[in-house]
Amino acid sequence: MTVTYLKRGKPETERSDDDAKVRSVVETTLADIETRGDVAVRELSEKFDRFSPPSFRLSPSEIEALMQKVSTRDMEDIRFAQAQVRRFAEAQRASMTDIEIESLPGVFLGHRNIPVQSVGCYVPGGKFPMVASAHMSVLTANVAGVPRIAAATPPFKGAPNPAVIAAMHMGGAHEIYVLGGIQAIGALAIGTETIEPVHMLVGPGNAFVAEAKRQLFGRVGIDLFAGPTETMVIADETVDAEMCATDLLGQAEHGYNSPAVLLTNSRRLAEDTLAEIERLLAILPTAETARVSWADYGEVILCDTYDEMLAVANDIASEHVQVMTDRDDWFLENMHSYGALFLGPRTNVANGDKVIGTNHTLPTKKAGRYTGGLWVGKFLKTHSYQRVETDEAAAMIGEYGSRLCMLEGFVGHAEQCNVRVRRYGGRNVAYGAAAE
């Protein structure tokens, strides 16, 4: 295997926003929220967002007033995007069915898919108002049938962002809070005097939000552990440098630490893309962010073969993988570690992020090796049940259970089986003995 890096990003050891400091700040802040509740939440909002309304929860009239500020065209676009997300989420939900089988005569086993009963959906809005994140979390939870959806978003430039609030409301949020950062995550998970705690937290955010979710995991469920946005372009000479450079920079503008990787078997395409990125950075309005991200975290990797490209791609396990080759379906069949695939030059990550219908909350930092992204199934818990309906089945299963429990030394367990063998099978099993 010959893999050549024409450009490397920072080593993994340097890819840290001072994790220890973030952990410490989050731990202290969550403890403060648990101790002082609403008072701590308000102080944090005043400190970090300079925002302290009479109530962080928007009233129906406040929501309506904010929605009136959204232009007709923007409302139409939000409705269109939500229709696509809903259509795909409903198809996913329909694929998840409750089952029941009769595994033996008189023995019935089954499972039911039950919605999580309350979810906190965080929609970030520090640098950009993330309207699409409302569709991905709130609307998807709504399709799953979650009976209580509490949505939170920070103020944008000192006030609630009308388009984000509209998207939350239209997506089906039952409660909307103008609250950001650790204080939003902590209030939703821990609860305060005015905010009832939820059972699950979902949605992207900065390093402090991600760390807060990590620390609260177990106390509540979460969608996934998320880091900075990542993108990979897998390309050969069927596409040109402008396409590749545009798709890389389109994600690099997310933040100063967003990895963007070109993986190709064409040296000419690799070199042309490097040059095209510099040209575009001279005219891109968000170049201040994208340039730093590309300089520190951008990579160009040259491989000899498609098999090498596949191996490298699966190892990196990028969040977004844009495939533009003469064998896109081959990558679809053989890729096993990624967040989401975007196949062919007509497809792009931005459409996936905003409008096409798939969910954009996806695994990062190689988490695609063990989990997929947010989808309707994340809001559903699959619970099993069992029912024994005949005396014969109760006695027969009880005999096996009795012996297997005694094999492990669990006498009390064995007696649960033995009492059924005695009552329903008419067998005289000695107390504390295995059924013969």
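The model is a predicted one. Its domain assignment gives domain 1 at residues 18-222, domain 2 at 228-373 and domain 3 at 390-435. Taken over C-alpha atoms, the centres of domain 2 and domain 3 are 59 Å apart.

**Binding-site positions**

An unreviewed UniProt entry attaches the feature "binding site" to two sets of positions, and the two sets are described here in turn. According to that record, one of them consists of Y122, Q183 and N206. Although these positions span 85 residues of sequence, they cluster in space, with a largest C-alpha distance of 12.8 Å.

Within this set, Y122 belongs to strand β4, which covers residues 119-122, and because its relative accessibility is 5%, below the 20% limit, Y122 counts as buried. Leaving out residues up to four places away in sequence, Y122 touches A152, P154, L179, G180, G181, A184, I185, V202, G203, P204, G205 and V209. N206, by contrast, is placed in the loop between β7 (200-202) and α8 (207-216), and at 47% relative accessibility N206 counts as partly exposed. The side chain of N206 reaches the backbone nitrogen of F208 at a distance of 3.0 Å.

The other set given by the UniProt record, again from an unreviewed entry, comprises Q251, H254, D353 and H413. These positions extend over 163 residues of sequence and are also spread in space, with up to 56.1 Å between C-alpha atoms. Q251 is located in helix α9, residues 241-252, and is buried, with a relative accessibility of 5%. Apart from neighbours within four places in sequence, Q251 is in contact with T229, T231, S258, H320, V349, A350 and D353. Of these contacts, D353 is itself one of the annotated positions. H413 lies in helix α16, residues 411-425, where H413 is partly exposed, with a relative accessible area of 41%.

**Aromatic pairs and charges over rings**

A search of the whole structure finds 2 aromatic pairs, and the table lists their geometry.

| Pair | Centre to centre | Angle between planes | Type |
|---|---|---|---|
| F217 and F225 | 5.8 Å | 85° | edge-to-face |
| W330 and F331 | 5.0 Å | 85° | edge-to-face |

Why are these pairs called edge-to-face? The term applies because an angle over 60 degrees between the planes counts as edge-to-face, and the angle is 85° for F217 and F225 and 85° for W330 and F331.

Two arginines are placed over tyrosine rings. The charged end of R327 sits over the ring of Y306, 3.6 Å from the ring centre, and R8 lies over the face of Y5, at 3.7 Å from the centre of that ring.

Notes
Residues are numbered from 1 along each chain as its sequence is written. This is a predicted model: local features need pLDDT of at least 70, side-chain atom pairs count only at pLDDT 80 or more; totals for chains, interfaces and linings use all residues. Side-chain values use heavy atoms; hydrogens and water are left out. Domain bounds come from an automatic or database domain assignment. Rings of Phe, Tyr and Trp (its six-membered ring) pair if their centres lie within 6.5 Å; planes under 30 degrees apart count as stacked, over 60 as edge-to-face and the rest as tilted. A charge sits over a ring if NZ of Lys or CZ of Arg is within 6 Å of the ring centre and within 35 degrees of the ring normal. UniProt positions are given in the numbering used here, feature names are shortened, and annotations may be inferred rather than shown by experiment. Helices (H or I, at least four residues) and strands (E, at least two) are DSSP runs, numbered from the N terminus. Buried means under 20% relative accessible area, exposed over 50%, partly exposed in between (1.4 Å probe, protein chains only). Contact means heavy atoms within 4.5 Å. A polar contact is a pair of N or O atoms within 3.5 Å; within protein, one must be able to donate a hydrogen and the other to accept it, and residues adjacent in sequence count only if both atoms are side-chain atoms.
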